[in-house]
Amino acid sequence: MISPETAELKILDAAETLFYGRGIQAVGMDEIRSASGVSLKRLYQLFPSKGELIQAYLRRRDVRWRQKLAAYADAQATPEDSILAVFDWLHEWFGEPDFRGCAFSNSFGELGATSSAVAETARAHKEAFFRYLTELTAAAGKPASLGDHLALLAEGAITTAAISGSAEPAHQAKAAARVLLEAA
């Protein structure tokens, strides 16, 4: 018998793969049970509803995504390099074989109109990302408004990369970010 912690990880791993890969509404709890190898009874003990599982998936993805981005960008020599590294990191992410765009934009598109919890989680993720870029621009001695502009560039690159299937929008956004940094 597996521990509740191990079962929860297996369920969240399966949910992330299936929800991100196929969409939240297209995936049922039985598919998550099958993919996780956890019994349906244990699945519902840990996540009494699909809505609770969706929230746990999004919260975990938010933390992981922002931690990976910050670890990459914060390792740079200067604040300006950190800002530009955001776009390098995006390029790497866009090149991953399972890249399907932003999980939060995708979940908002699917459920934002009917699930206030999903809408709030998506908004919180976007706000945290904008805040992070604003912090980077402040560290570089640039106006706070530049952080919002850079975040919009990044958001556009994420959406364009998902639709086009190309990682190139990250490089294009980085070039525009460089122009904005120099002009600020």
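Me: Why is His125 called buried?

Reply: His125 has a relative accessible area of 2%. Buried means under 20%, exposed over 50%, and partly exposed in between, with a 1.4 Å probe and protein chains only. So His125 counts as buried. This is a predicted model: local features need pLDDT of at least 70, side-chain atom pairs count only at pLDDT 80 or more, and totals for chains, interfaces and linings use all residues. Residues are numbered from 1 along each chain as its sequence is written, and side-chain values use heavy atoms, with hydrogens and water left out.

Me: Where does His125 sit, and what does His125 touch?

Reply: His125 is in helix α7. Leaving out residues up to four places away in sequence, His125 touches Asp62, Trp65, Arg66, Cys102 and Phe104. Contact means heavy atoms within 4.5 Å.

Me: How many helices and strands does the protein chain have?

Reply: The protein chain has nine helices and zero strands. Both are DSSP runs, numbered from the N terminus: helices are H or I with at least four residues, strands are E with at least two.

Me: What makes a set of residues a nonpolar core?

Reply: Its members are buried Ala, Val, Leu, Ile, Met, Phe, Trp, Tyr and Cys residues, joined through side-chain atoms within 4.5 Å. The largest such core here has 57 residues. Phe19, Ile32, Leu53, Val86, Leu90, Trp93 and Phe94 have the most contacts inside it. Helices that each supply at least two residues of this core include α1 (4–22), α4 (50–74) and α7 (116–139). The core also draws at least three residues from each of domain 1 (1–48) and domain 2 (59–183).

Me: What makes Phe19 and Tyr57 an edge-to-face pair?

Reply: Their ring centres lie 5.4 Å apart, with 65 degrees between the planes. Rings of Phe, Tyr and Trp (its six-membered ring) pair if their centres lie within 6.5 Å; planes under 30 degrees apart count as stacked, over 60 as edge-to-face and the rest as tilted. So this pair is edge-to-face. Phe19 lies in helix α1 and Tyr57 in helix α4, so the pair ties together parts 38 residues apart in sequence. Phe19 is buried at 2% relative accessibility. Tyr57 is buried too, with a relative accessible area of 2%.

Me: Why is the pair of Trp93 and Phe94 called tilted?

Reply: The planes of Trp93 and Phe94 are 40 degrees apart, and the centres 5.8 Å. Trp93 is buried, at 6% relative accessible area. Ring pairs also link Trp65, Trp89, Trp93, Phe94, Phe99 and Phe129 into a cluster.

Me: Which charge lies over the face of Tyr20?

Reply: Arg61 does, at 3.9 Å from the ring centre. A charge sits over a ring if NZ of Lys or CZ of Arg is within 6 Å of the ring centre and within 35 degrees of the ring normal.

Technical notes
Domain bounds come from an automatic or database domain assignment.
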